[in-house]
Amino acid sequence: MDLKSQLKAAIDKNPGPSKDKTEQEKKDEENKLFHEFYNKWKGESEKTTKSYKQIPRFYYRLPNDDEVLLQKLREESRAVFLQRKSRELLDNEELQNLWMLLDKHHTPPVGEEQMINYKDFLIVKDKASDKCKPFFTPLIFAKLNQRDPLGRISILQFFNYVMRKVWLHQTRIGLSLYDVAGQGYLRESDLENYILELIPTLPQLDGLERSFYSFYVCTGVRKFFFFLDPLRTGKIRILDILACGFLDDLLELRDEELSKESQEANWFSAPSALRVYGQYLNLDKDHNGMLSKEELARYGTGTLTEVFLDRVFQECLTYDGEMDYKTYLDFVLAMENRKEASALQYLFKLLDVQNRGYLNVFALNYFFRSIQDMMKRHGQEPVSFADVKDEIFDMVKPEDPLKITLQDLINSGQGETVTNILIDLNGFWTYENREVLVVDSNVEEEV
């Protein structure tokens with residue numbers, strides 16, 4: 001007899017008018033009997049059963065908004081924890097002492113730079129402070145070994161490694177102070193607070209007017225979220241922030257002698273932020289603080305196709321059919337970084353008019369017809385779509401010969417070229433006349 005039959009038989013034998021029992025009472029009784037038979041047949045001793053009560057707790061719920069005391073306790077405990085971690089890091093004096101020890105115990109002969117072998121490496125470990133000892137491991141020594149014939153490593157490379165590690169830990173602690181939830185993530189508001197409080201410490205931003213701070217913070221935060229939050233979850237892992245390199249660009253603004261070229265290439269610099277915001281104001285002809293489709297059409301060289309602009313306003317967040325500055329920043333980041341996977345993901349979503357997860361001949365033709373119409377309006381002979389379609393598929397070489405996926409586009413390395421052909425008349429013209437442009441540039445170099 002199976003378990004179900006035995007349970008039903010036991011219920012039938014139970015004294016009392018079963019017909020008067022509610023469905024819930026029947027279920028409760030059935031569950032009780034199930035556990036009774038289950039434990040009996042499993043043959044567990046009482047001692048074994050009790051062991052399950054000794055499993056340590058591994059989940060602690062976050063306090064609710066109305067639990068003020070618990071929230072304060074959590075904040076204070078995290079602050080104390082981070083302070084303790086901060087005290088474990090090497091300070092400037094300890095770093096200087098470490099450098100002097102490395103310099104004193106370097107291993108001859110001395111070439112272009114000072115080197116140290118593993119024996120002297122261990123001598124420095126014994127004489128260094130306790131905080132330094134985690135860096136003196138065989139693994140780190142092996143990582144920094146550059147196949148020196150005497151088995152040595154560069155003192156400067158080792159010291160730079162230690163400096164970098166200390167900086168990463170300091171930065172992680174600094175970012176963790178803004179992690180309100182304490183889960184290892186920063187929300188948009190958390191990162192905004194971090195950058196806002198960082199501005200006074202960056203000499204390259206001394207000239208920014210306080211009224212521009214909010215726009216600068218928005219400009220900086222959008223780059224982090226555009227590239228590090230592709231699923232648009234509204235939060236970024238602190239580890240991803242440390243690993244991406246954007247923070248290096250931001251903190252580069254501490255250099256008072258940063259060159260003009262470096263500032264122009266740095267998204268977080270004052271000239272770059274003012275350039276992007278200035279472009280937004282120039283496009284906003286009616287001065288309402290928002291961009292309509294007609295205003296955005298003047299972006300860049302003013303040759304983006306109407307079909308592409310329609311898709312931008314269909315898929316992107318707008319307010320009464322107009323785009324705000326935050327949405328505009330995502331658009332600019334996508335247009336200026338079309339070789340990057342995040343930018344191609346943004347543009348691919350716009351090109352995928354059928355929402356199928358791939359581009360087929362219909363999708364390519366849908367966008368290229370607008371290029372052909374613009375060519376006619378400019379008095380040019382339209383190019384055959386069949387030729388362009390074949391060139392695109394030849395460039396991308398998709399796994400399926402009839403479908404181009406986002407991964408195909410990324411793997412091909414031709415995403416920038418393909419999007420130029422489909423959404424921008426000037427971009428298509430540049431591609432179509434690429435051989436002539438190369439010849440002209442070679443002639444100019446010879447002259």
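The following conversation goes through selected features of a predicted model.

Reader: Could we start with helix 14? Which residues does helix 14 cover, and what span should it have?

Author: Helix 14 comprises residues 270-283, which is 14 residues. At 1.5 Å a residue, helix 14 should span 20 Å, and its end C-alpha atoms are 20 Å apart, so the expectation and the model agree.

Reader: And which residues of helix 14 are buried?

Author: The buried residues of helix 14 are Ala 270, Ser 272, Ala 273, Val 276, Tyr 277, Tyr 280 and Leu 283.

Reader: What covers them?

Author: The cover over the buried residues of helix 14 includes helix 10 (213-228), helix 13 (260-265), helix 15 (293-296) and helix 17 (325-336).

Reader: You mentioned helix 10. Is Thr 219 buried or exposed?

Author: Thr 219, which lies in helix 10, has a relative accessible area of 1% and is therefore buried, the cut-off being under 20%.

Reader: What does Thr 219 touch?

Author: Leaving aside residues up to four places away in sequence, Thr 219 touches Trp 267, Ala 273, Tyr 325 and Leu 329. One of these, Ala 273, is among the buried residues of helix 14.

Reader: Let us turn to salt bridges. How many are there?

Author: The count comes to 15 salt bridges. In general, side chains of opposite charge can pair when their charged atoms come close.

Reader: What is the salt-bridge partner of Arg 275?

Author: Arg 275 pairs with Glu 336, and the closest N and O atoms are 3.2 Å apart. Arg 275 is partly exposed, at 33% relative accessibility, and Glu 336 is partly exposed at 36%.

Reader: And which residue meets Asp 310 in a salt bridge?

Author: The side chain of Asp 310 meets that of Lys 293, at 2.4 Å from N to O. Asp 310 belongs to helix 16 and Lys 293 to helix 15, so that distant parts of the chain, 17 residues apart, are linked. Asp 310 has 26% relative accessibility and counts as partly exposed; Lys 293, at 23%, also counts as partly exposed.

Reader: What about Glu 416? Where does it lie, and where does its partner Lys 339 lie?

Author: Glu 416 and Lys 339 meet in a salt bridge at 4.0 Å, N to O. Glu 416 lies in helix 22, and Lys 339 lies in the loop between helix 17 and helix 18, so the pair ties together parts that are 77 residues apart in sequence. Glu 416 is partly exposed, with a relative accessible area of 30%, whereas Lys 339 counts as exposed at 68%.

Reader: Which residues do salt bridges with shared partners join into one network?

Author: That network consists of Glu 188, Arg 222, Lys 326 and Asp 330.

Reader: Back to helix 22 for a moment. How many of its residues are buried?

Author: Helix 22 covers residues 415-423 and is mostly covered, with 7 of its 9 residues buried. The buried residues are Gly 415, Val 418, Thr 419, Asn 420, Ile 421, Leu 422 and Ile 423.

Reader: Another topic: at what angle do helix 16 and helix 18 cross?

Author: The axes of helix 16 (residues 306-315) and helix 18 (residues 341-351) cross at roughly 105° and come within 9 Å. The two helices are therefore roughly perpendicular to each other.

Reader: Which residues make the contact?

Author: Helix 16 contributes Phe 308, Arg 311, Val 312 and Glu 315, while helix 18 contributes Leu 347, Lys 349 and Leu 350. By class, the contact has 4 nonpolar, no polar and 3 charged residues.

Reader: Finally, the backbone. Which residues does a cis peptide bond join?

Author: A cis peptide bond joins Pro 108 and Pro 109, with omega about 0°. Pro 109 lies in the loop between helix 5 (92-104) and strand 1 (115-116).

Reader: What is the phi of His 287, and what is that of Asp 320?

Author: His 287 has a positive phi of about 55° although it is not a glycine. Its place is in the loop between helix 14 and helix 15, and it counts as exposed at 68% relative accessibility. For Asp 320, phi is near 55°, a positive value in a residue other than glycine. Asp 320 is in the loop between helix 16 and helix 17, and at 83% relative accessibility it counts as exposed.

Note on methods:
Residues numbered from 1 in each chain as written. Predicted model: local features only at pLDDT ≥ 70, side-chain atom pairs only at ≥ 80, totals over all residues. Heavy atoms only, no water. Helix = DSSP H or I, 4+ residues; strand = E, 2+ residues; numbered from the N terminus. Expected span 1.5 Å × (residues − 1). Buried < 20%, exposed > 50% of the residue type's maximum accessible area, 1.4 Å probe, protein only. Contact = heavy atoms within 4.5 Å. Axes fitted to C-alpha atoms, helices over the stretch in contact; angles between N-to-C directions. Parallel < 35°, antiparallel > 145°, perpendicular 65-115°, else oblique. Nonpolar A, V, L, I, M, F, W, Y, C, P; charged D, E, K, R; others polar.
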